Amino acid sequence: MGRNRSSCVLLLMVAILTLCFVSSKAKLKKLQHAPKADGSLRFLVIGDWGRNGADNQSLVAFQMGVIGEKMEIDFVISTGDNFYDNGLTGVYDPAFEESFTNIYTAPSSQKKWYNVLGNHDYRGNAMAQISPVLGYRDNRWVCFRSYVVNSENVDLVFVDTTPFVKKYFIDTKGHSYDWRGVLPRKRYISKLLRDVDLALRQSTATWKVVIGHHTIKSVGHHGDTQELLIHLLPVLQANNVDLYINGHDHCLEHISSLDSSIEFLTSGGGSRAWRGDEKGRKGEEMKFYYDGQGFMSVHISQIQLQIAFYDVFGNVMHQWNTSKFEMCAQGLGPNLEVEGPIVTKLTGSAARNGNKVA
């Protein structure tokens with residue numbers, strides 16, 4: 001009897017240790033999206049949009065349909081703040097149809113929408129937006145906290161940035177946030193950073209694109225997000241990420257990095273914009289800023305990448321392109337030394353700021 005009990009205890013301990021090991025090696029959910037026959041990928045990016053069609057949301061949606069048809073897009077990316085002001089109340093909230101299904105009605109918009117959560121989405125029922133029920137209500141809708149979409153030459157890594165921002169936990173300003181699945185915050189962020197780093201390290205794609213709601217670099221209303229500068233940016237630099245795409249600031253924006261391969265792109269003009277709300281930034285890194293409504297397009301082939309920003313009338317406001325040949329010629333690379341699945345040594349300003357979750 002005693003021997004059997006000891007055997008059961010031993011088996012239980014082994015099971016627990018195995019579970020802990022598996023969870024510690026857990027990877028981000030990975031989805032596949034087939035590219036075009038020539039290996040290229042074309043998509044639109046919109047952020048900060050869900051207002052029942054108000055504040056020019058419907059006009060932006062119309063132009064997305066026009067440009068999407070011309071480009072023959074494969075899908076749409078949303079950079080978050082999908083439903084204002086306080087997310088969804090549940091999986092059957094009529095706001096889902098009023099701000100999404102009934103607004104983006106163009107034939108070219110009837111493709112998959114890959115979404116991330118923004119801070120306004122967390123003010124409602126955040127679990128509702130990542131529930132499979134929404135996918136049944138509208139089969140375009142795809143949303144998880146953090147995940148990867150692979151399309152052969154391109155890996156798109158979606159990152160849940162809201163939990164990084166400490167003020168949402170200590171100064172709620174009367175708002176109620178849905179932190180289910182996030183607390184304890186420090187553990188959640190540490191694991192997410194490891195998972196993102198692992199996904200990027202394991203990527204064999206030619207192009208690496210990271211999408212989050214919050215800015216890393218911006219001259220808009222919110223400016224730089226310090227927590228992402230300290231914690232997420234070193235991971236992106238270490239893994240030679242090509243684009244970081246975000247919303248949060250209600251503008252269109254392109255900032256280049258002078259010490260890495262990363263281009264910082266803001267597409268947060270899906271509805272209400274903040275005219276004249278700009279923080280000055282000088283130097284070569286500032287490529288484009290528009291404090292109005294609009295969206296962005298991305299066209300990626302095996303060796304070339306092209307982006308364009310459009311205003312609410314469909315006018316091209318800014319274009320930029322690059323190739324892997326150009327980037328290699330410029331000698332752009334990471335400014336970190338790494339070992340294993342997480343950043344262990346930082347250089348430059350990142351080292352002075354430290355990388356411990358506050």
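User: Let's start with H2. What covers its buried residues?
Analyst: The cover includes strands S2, S3 (75–78), S4 (112–115), S13 (294–300) and S14 (304–311), plus helix H3 (95–101). Keep in mind that this is a predicted model.

User: And which residues of H2 are buried?
Analyst: They are Gln 57, Val 60, Ala 61, Gln 63, Met 64, Gly 65, Ile 67, Gly 68 and Met 71.

User: How far apart are the end C-alpha atoms of H2?
Analyst: They are 21 Å apart.

User: What comes just after H2?
Analyst: Glu 72, with a positive phi of about 55 degrees. Most residues other than glycine have a negative phi.

User: OK, now the loop between S2 and H2. Where does the phi of Asp 48 sit?
Analyst: Near 60 degrees, a positive value, and Asp 48 is not a glycine. Asp 48 lies in that loop.

User: Is Asp 48 buried or exposed?
Analyst: Buried, because its relative accessibility is 0% and the cut-off for buried is under 20%.

User: What about Arg 51?
Analyst: Arg 51 is in the loop between S2 (41–46) and H2 (57–71). Arg 51 is buried too, at 12% relative accessible area.

User: Which residues is Arg 51 in contact with, leaving aside neighbours within four places in sequence?
Analyst: Gln 57, Tyr 84, Asp 85, Ser 99, His 250, Ser 271 and Arg 272. Two of those names come back in a peptide bond: the one from Tyr 84 to Asp 85 is cis, with omega near -10 degrees. Asp 85 is in the loop between S3 and H3.

User: Which residues does the cis bond with omega of about -5 degrees join?
Analyst: Leu 183 and Pro 184. Pro 184 is in the loop between H7 (167–170) and H8.

User: So what is the span of H8?
Analyst: Its end C-alpha atoms are 26 Å apart.

User: Changing topic: what is the mean pLDDT?
Analyst: It is 87 for the protein chain, and 84% of the residues reach 70 or more.

User: Where does pLDDT stay under 50?
Analyst: Over residues 7–24, with one contact beyond four places in sequence. Residues 333–354 are also below 50, but that stretch has 43 contacts beyond near neighbours in sequence. Where pLDDT is low, the predicted coordinates should not be read in detail.

Notes: Residues are numbered from 1 along each chain as its sequence is written. This is a predicted model: local features need pLDDT of at least 70, side-chain atom pairs count only at pLDDT 80 or more; totals for chains, interfaces and linings use all residues. Side-chain values use heavy atoms; hydrogens and water are left out. pLDDT is the predictor's confidence in each residue, from 0 to 100. Contact means heavy atoms within 4.5 Å. Helices (H or I, at least four residues) and strands (E, at least two) are DSSP runs, numbered from the N terminus. Buried means under 20% relative accessible area, exposed over 50%, partly exposed in between (1.4 Å probe, protein chains only). The expected span of a helix is 1.5 Å times one less than its number of residues.
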